[in-house]
Amino acid sequence: MTDFRWDKLATDGMSRRGRLHTAHGPVETPAFMPVGTAATVKAMAPWDVAQTGAQMVLGNTYHLMLRPGAERVAKLGGLHRFMAWDGPILTDSGGFQVMSLAQLRQLDETGVTFKSHIDGSTHALSPERSVEIQDLLDADVTMQLDECPPAGWPHDKVADSMRLSLRWAERCQRAFRERPGYGLFGIVQGGVYDDLRRESARELSAMDLPGYAVGGLAVGEGQAETFRVLEVTCPELPADKPRYLMGVGRPDDIVGAVMRGIDMFDCVLPTRSGRTGQAFTARGPINLKNARHREDTRPLDPNCDCATCTTFSRAYLHHLIRSEEMLGPMLLSRHNVHYYQALMAGLRGAIERGELTEHAQALAEGWHAGDI
Ligand SMILES: CNc1nc2c(CCNCC3CCCC3)c3nc(N)[nH]c(=O)c3cc2[nH]1
Ligand SMILES: [Zn+2]
């Protein structure tokens, strides 16, 4: 059984090309992980997800503990068998989703208690219970339970919140069931405050965890602030451990974060925006709802070799979205996830060649050129 580890294969400036080894297989980094909230990457079957080149997907403690329940997923053989995904799975710890989705939630030293947004039933999520749920789901990567302070909180409130998350990290590490190929990631907090980010990163680094996430970002702070926080945080993290920027992002966010030392990403954007008709292309995002596409026989993105782009015209995709046909979100989600995977493959190659700066410049020129 493989040991959980991340190999650093090449560097280019602050960026790294690596390989994560997990119980369910390797993951080439920098990596983009499609989000599979309720045990499905929405509108995509697992074979569609695999075909995009994605190696690792996200599951969600909050949704799965409410429905169908963690014990039930375990009884059914765990999340890999349940959703027929035999590659690595990372599950978030649930705290972020509670604060953004649940009703009547209460957060204190012990954890969070909340009422289900599905049926109003009351639930409690402690660091120990979150780790237990992620174990029952058989997640290859378990995330610590943390508190993600909303943007705009003052320094003293963020300091208290960051230190609570540090105490929860300790409790998660004690509760985590060590087994080969599985790892627990800490989550750096501290808002947009450099001193708090450094304190959080240093304390978590001292815990010698197998991987580190940067949380508390992509909450509306804007790209410049996100990048500034990364420039402060990444240098404080161990150079030989993977770094995961939670909830990011648009293609240009991802490129900028890779250049600042991030190795792993997750975001609902490619799937969620795909369902609303938005497609990411080498010449920037376009929305297929727009009437300008209704007689356009060209492919979505001539540079893309995915099934959507090599089979259908923009006119047809426009028709599907306008008609609210199920096939529309299916085809656009597949293209968008494929596009993100191709973006990551391009970044990995550029880092190997020591050409990331030039590659990033070429990508930005394409995006700014705009659709023709
Ligand atoms: C979109 N922006 C954003 N997302 C954040 C997330 C969620 C990342 N995505 C998880 C998947 C979505 C559903 C299933 C799992 C964050 N999660 C945690 N634990 N802590 C954050 O500070 C945290 C911060 C985040 N910022
Ligand atoms: Zn495509």
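I take a residue as buried when its relative accessible area is under 20%. The model I am reading is predicted.

**Entry 1: Thr52**

I started with Thr52, in the loop between α1 (46-51) and β5 (57-60). Is Thr52 buried or exposed? Its relative accessibility is 9%, so I count Thr52 as buried. I then looked up the polar partners of its side chain. The side chain of Thr52 comes to 2.5 Å from the backbone oxygen of Val49. A polar atom of that side chain also lies 3.2 Å from the backbone nitrogen of Ala54. Setting aside neighbours within four places in sequence, I found Thr52 in contact with Met44, Arg334, Val337, His338 and Gln341.

**Entry 2: ligand 1**

Next I went to ligand 1 and listed what surrounds it. There are 20 residues around ligand 1, and the closest are Asp92, Asp146, Gly216, Leu217 and Asp266. For Asp146, a polar side-chain atom is 2.7 Å from a nitrogen atom of ligand 1. Gly216 uses a backbone N or O atom, 2.7 Å from an oxygen atom of the ligand. Of the 570 Å² of accessible area that ligand 1 has on its own, the protein covers 89%.

**Entry 3: helix α7**

I checked the length of α7, residues 155-175. With 21 residues at 1.5 Å a residue, the helix should span 30 Å, and I find its end C-alpha atoms 30 Å apart, which agrees. I noted its buried residues, among them Val158, Met162, Leu166, Trp168 and Arg171. The cover over the buried residues of α7 includes the strands β7 (103-108), β8 (111-115) and β11 (183-188), together with the helices α6 (127-136) and α8 (194-205).

**Entry 4: helix α15**

I repeated the check on α15, residues 356-369. Its 14 residues should span 20 Å at 1.5 Å a residue, and the end C-alpha atoms are 20 Å apart, in agreement. Which residues of α15 are buried? I list Leu356, Ala360, Leu363, Gly366 and Trp367. Looking down the axis of α15, I see these buried residues within an arc of 125°, so they line one face of the helix. As a reminder to myself, an α-helix has 3.6 residues a turn, so residues three or four places apart point the same way. The buried residues of α15 pack against β1 (5-12), β2 (15-22), α10 (251-259) and α14 (327-353). Thr357, Glu358, Glu365 and His368 are exposed on the other side of α15. After α15 comes Gly370, with a positive phi near 80°.

Terms used
Residues are numbered from 1 along each chain as its sequence is written. Chains are lettered from A and ligands numbered from 1 in the order in which they are written. This is a predicted model: local features need pLDDT of at least 70, side-chain atom pairs count only at pLDDT 80 or more; totals for chains, interfaces and linings use all residues. Side-chain values use heavy atoms; hydrogens and water are left out. Helices (H or I, at least four residues) and strands (E, at least two) are DSSP runs, numbered from the N terminus. The expected span of a helix is 1.5 Å times one less than its number of residues. Buried means under 20% relative accessible area, exposed over 50%, partly exposed in between (1.4 Å probe, protein chains only). Contact means heavy atoms within 4.5 Å. The arc is that of the directions from the helix axis to the C-beta atoms. A residue is near a molecule or strand if one of its heavy atoms lies within 4 Å of it. A polar contact is a pair of N or O atoms within 3.5 Å; within protein, one must be able to donate a hydrogen and the other to accept it, and residues adjacent in sequence count only if both atoms are side-chain atoms. Accessible areas come from the Shrake-Rupley method with a 1.4 Å probe; for residues, only the protein chains shown count as cover.
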